[in-house]
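Subject: Structure handover

Hello,

Here is the structure for you to look at. My notes on what was found follow below.

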Amino acid sequence: MNNFKRVFLIVMDSVGIGEAPDAEKFNDKGADTLGHIAEHMNGLKMPHIGELGLSNIKEIKGIEKAEKPLAHYTKMQEASNGKDTMTGHWEIMGLYIEQPFRTFPDGFPDELINELEVKSGRKIIGNKPASGTEILNELGPEHLETGALIVYTSADSVLQIAAHEEIVPIEEQYRICEMARELTLDEKYMVGRVIARPFLGTPGAFERTANRHDYALKPFGHTVMNELQEQKYDVIAIGKISDIYDGEGVTESIRTTDNEDGMTKIVESMDKDFNGLSFLNLVDFDAKFGHRRDPEGYGKALEAFDARLPEVLNKLKDDDLLLITADHGNDPVHHGTDHTREFVPLLAYHKGITKGEQLPVRQTFADIGATIAANFDVNAPKHGQSFLKDITK
């Protein structure tokens with residue numbers, strides 16, 4: 001068959017499918033995001049992704065193995081030295097990250113905090129890993145009294161700055177984040193993203209506003225998205241995709257509020273007559289449930305995603321390709337609140353498949369980027385092997 005006019009790529013953020021061979025090196029021996037959630041739920045009800053072949057990759061409780069899978073299926077191993085969102089996504093688009101982004105389980109170095117206090121003219125409180133809602137409850141009243149900035153991090157490589165919009169005007173918040181971004185470009189910090197986290201309200205009733213802004217590092221090299229954009233193809237970035245790549249290679253950016261909205265937005269993108277890539281990240285699995293170690297909420301979110309899949313499948317045209325994968329694991333029954341080093345699933349579906357087959361295990365996420373590059377006949381990334389011929393024969 002001819003190449004595909006449109007590729008729809010859905011990243012189920014953190015939906016790993018069992019420990020990677022090098023999991024022990026990352027303190028993640030035994031991690032299995034999907035497997036452990038399914039056990040906790042006494043079986044996951046995900047019939048649609050089951051029909052595509054998810055349990056054919058690795059049997060998952062409650063999801064039947066498909067006798068005739070609709071999709072080609074396999075799992076992918078991460079090659080880069082990391083297990084964070086940016087590393088996973090950048091690898092998907094053809095990069096190999098040798099130097100991992102730093103995380104700060106004990107807070108940021110005093111040197112960095114002191115520099116930011118001097119540059120911003122404001123004191124800093126917090127400086128520790130925390131949930132965004134919990135730290136507002138804890139330090140919001142002090143912030144209202146003093147105007148000090150609330151700085152915190154997470155299991156990801158992020159420096160987050162929270163401030164009340166009536167105490168620190170939004171433009172000032174953005175300027176301070178730009179200062180922080182400049183300071184953290186230094187190799188000794190290697191912070192992936194600086195995030196403005198504005199909020200409003202009163203103690204006990206603080207609410208984060210929609211004025212969040214991410215200041216990400218630019219990818220260290222040319223991605224497949226850059227190649228597509230330069231060759232005049234469309235690259236529609238849905239959810240936090242544009243933030244993850246700092247806008248590089250993006251022709252249209254669409255914000256989302258949650259997974260449900262993300263699914264709605266990708267379905268809406270299917271009504272557009274475009275030639276290129278529609279790329280969605282579903283962040284709730286990771287942010288709302290994985291990091292918070294909530295297997296019940298995670299399981300329900302997976303089932304809700306599956307319930308929306310028929311809308312996507314029904315709108316696919318004969319010359320469309322759907323790829324479903326993940327960027328790392330985040331096993332909600334594993335120790336700590338960190339990501340987990342796991343294989344991720346890969347499902348490749350189009351209407352020309354008579355019976356899905358098992359593809360070889362991929363040695364890098366970059367095989368997706370290589371496949372997309374081959375489909376649109378743009379320069380292939382240095383890393384990754386295309387599986388386009390395997391899914392179109």
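**Helix α10 against helix α12**

E260, M263, T264, I266 and V267 of α10 are in contact with A304, F305, R308, L309, E311, V312 and K315 of α12, where contact means heavy atoms within 4.5 Å. Helices here are DSSP runs (H or I, at least four residues), strands are DSSP runs (E, at least two), and both are numbered from the N terminus. By type, the α10 and α12 contact residues are seven nonpolar, one polar and four charged. Nonpolar covers Ala, Val, Leu, Ile, Met, Phe, Trp, Tyr, Cys and Pro, charged covers Asp, Glu, Lys and Arg, and polar covers the others, Gly among them.

The model is predicted: local features need pLDDT of at least 70, side-chain atom pairs count only at pLDDT 80 or more, and totals for chains, interfaces and linings use all residues. Residues are numbered from 1 along each chain as its sequence is written, and side-chain values use heavy atoms, with hydrogens and water left out.

The axes of α10 (residues 259-269) and α12 (residues 295-315) come within 10 Å and cross at roughly 5°. Axes are lines fitted to C-alpha atoms, for helices over the stretch in contact, with angles from 0 to 180 degrees between N-to-C directions. The two helices α10 and α12 are therefore roughly parallel (angles under 35 degrees; over 145 is roughly antiparallel, 65 to 115 roughly perpendicular, and the rest oblique).

**Helix α5 against helix α7**

The axes of α5 (residues 110-120) and α7 (residues 170-183) also come within 10 Å, crossing at roughly 140°, which means that α5 is oblique to α7. On the α5 side the contact is made by L112, E115, L116, K119 and S120, and on the α7 side by I176, M179, A180 and L183. These residues of α5 and α7 divide into six nonpolar, one polar and two charged.

**Annotated positions**

An unreviewed UniProt entry annotates residues 5-379 as "domain: Metalloenzyme"; such annotations may be inferred rather than shown by experiment. The span 5-379 is 34% helix and 19% strand, and its end C-alpha atoms lie 17 Å apart.

The UniProt record, also unreviewed, places a "binding site" at D13, D327 and H328. These positions spread over 316 residues of sequence, yet they cluster in space, with a largest C-alpha distance of 7.2 Å.

D327 sits in the loop between β12 (320-325) and β13 (344-349). Because its relative accessibility is 0%, D327 counts as buried (under 20% relative accessible area, with exposed over 50% and partly exposed in between, using a 1.4 Å probe and protein chains only). Leaving out residues up to four places away in sequence, D327 touches, among others, D13, E78, D84 and H89.

Regards
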